[in-house]
Amino acid sequence: MNIILLGPPGAGKGTQARRLVDERNMIQLSTGDMLREARTSGTEMGQVVADVMDRGGLVTDEIVIGLIEEKLEQDHGGGFIFDGFPRTLRQADALGELLAKHGTTLDAVIEMQVDDSALVARIVARSTCGACGEVYNDLTKPQPTDGKCSKCGASDFKRRADDNEESLRNRLMEYYKKTSPLIGYYYAKGELKSIDGLGEIDAIAGQIRDILDKK
Ligand code: AP5
Ligand code: MG
């Protein structure tokens, strides 16, 4: 089964994708995570990516489509969760073509709806484990008091360079200008399922489970 988690920054895409990896043996393909890895490469491309990300802009379609194309070559396991991809109509078309080339299709596009004030509150409170990527939140899922990640035991918590007010404003603007048209795109294809992304993490996981169980 292949699904897209679609939503603005802070909607909870990464949080829910990681649960699906654990529960359904799916593979999470987060272009944000891939680009964060690329920017540490020390190459010229890595520097360009870092500048764009820190400002909250979108990296070029060519770069992200190339990253996804490479990942689709690996074994499917329980299917792919596209987290933060596609983000433009061009990326959406490219994904359709790539999946067709591999003889597969999308099973659902899950739009996670969260209002802007909640997004800002969530993002400024976010941290992640530098070792395994587990996501924490000062308000709703604080780092364990023993200072060790509850998932892998490492003590290396990080905050993202683009989790500040100015970058977030740009990220939201990019979402509304370039990514939100995908809601209509996938609705017209009959693939869109919209869920309420506000509320308990478990309750949202339940809504996603209900959609996937009907597939
Ligand atoms: P990316 O890494 O994809 O960031 P994003 O889309 O801005 O989304 P986030 O990762 O910030 O949010 P999320 O929805 O994953 O939320 P999370 O689960 O962490 O992209 C970063 C950058 O890379 C982009 O700006 C762009 O520059 C570039 N890029 C990436 N993909 C690209 C593409 N395809 N094309 C071009 N450029 C691309 O949750 C957030 C916080 O809320 C956490 O603290 C979490 O614990 C908490 N939380 C989660 N769920 C709940 C809940 N239900 N209630 C309360 N708190 C919750
Ligand atoms: Mg994320």
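Predicted model: local features only at pLDDT ≥ 70, side-chain atom pairs only at ≥ 80, totals over all residues.
User: How are the strands of a sheet held to one another, and in which senses can they pair?

Analyst: In general, strands of a sheet pair through backbone hydrogen bonds, and the pairing is either parallel or antiparallel. Both senses can be followed here. β1 pairs with β4 in the parallel sense, over four bridges. Leucine 6 has glutamate 111 in β4 as its bridge partner. β4 also pairs with β8 (residues 192-196), again in the parallel sense, over five bridges. There, glutamine 113 has aspartate 196 in β8 as its bridge partner.

User: Is strand β4 largely enclosed or left open by the rest of the structure, and why?

Analyst: Strand β4 (residues 108-113) has six residues, and five of them are buried, so the rest of the structure largely encloses this strand.

User: Which strands pair in the antiparallel sense, and in what order do they stand?

Analyst: An open sheet of three strands runs in the order β6-β5-β7, with antiparallel pairing. β6 (135-137) and β7 (157-158) are the edge strands; each has a single partner strand, so one side of each lacks a neighbour in the sheet. Between β5 (residues 126-129) and β7 there are two bridges. Cysteine 129 stands opposite phenylalanine 157 in β7.

User: What does phenylalanine 82 touch, leaving aside residues up to four places away in sequence?

Analyst: With those set aside, the contacts of phenylalanine 82 include Ile4, Leu29, Ile68, Leu72, Leu95 and Leu106.

User: How do helices α6 and α7 cross, and at what angle?

Analyst: The axes of α6 (residues 116-124) and α7 (residues 165-179) come within 11 Å and cross at roughly 135 degrees. This makes α6 oblique to α7. The crossing is right-handed.

User: Which residues meet where α6 and α7 are in contact?

Analyst: From α6, Asp116, Leu119, Val120 and Ile123 meet Leu168, Arg171, Leu172 and Tyr176 of α7.

Methods
Residues numbered from 1 in each chain as written. Chains lettered and ligands numbered in written order. Heavy atoms only, no water. Pairing = 2+ DSSP bridges. Contact = heavy atoms within 4.5 Å. Axes fitted to C-alpha atoms, helices over the stretch in contact; angles between N-to-C directions. Parallel < 35°, antiparallel > 145°, perpendicular 65-115°, else oblique. Left-handed = near helix turned anticlockwise from the far one by under 90°. Buried < 20%, exposed > 50% of the residue type's maximum accessible area, 1.4 Å probe, protein only.
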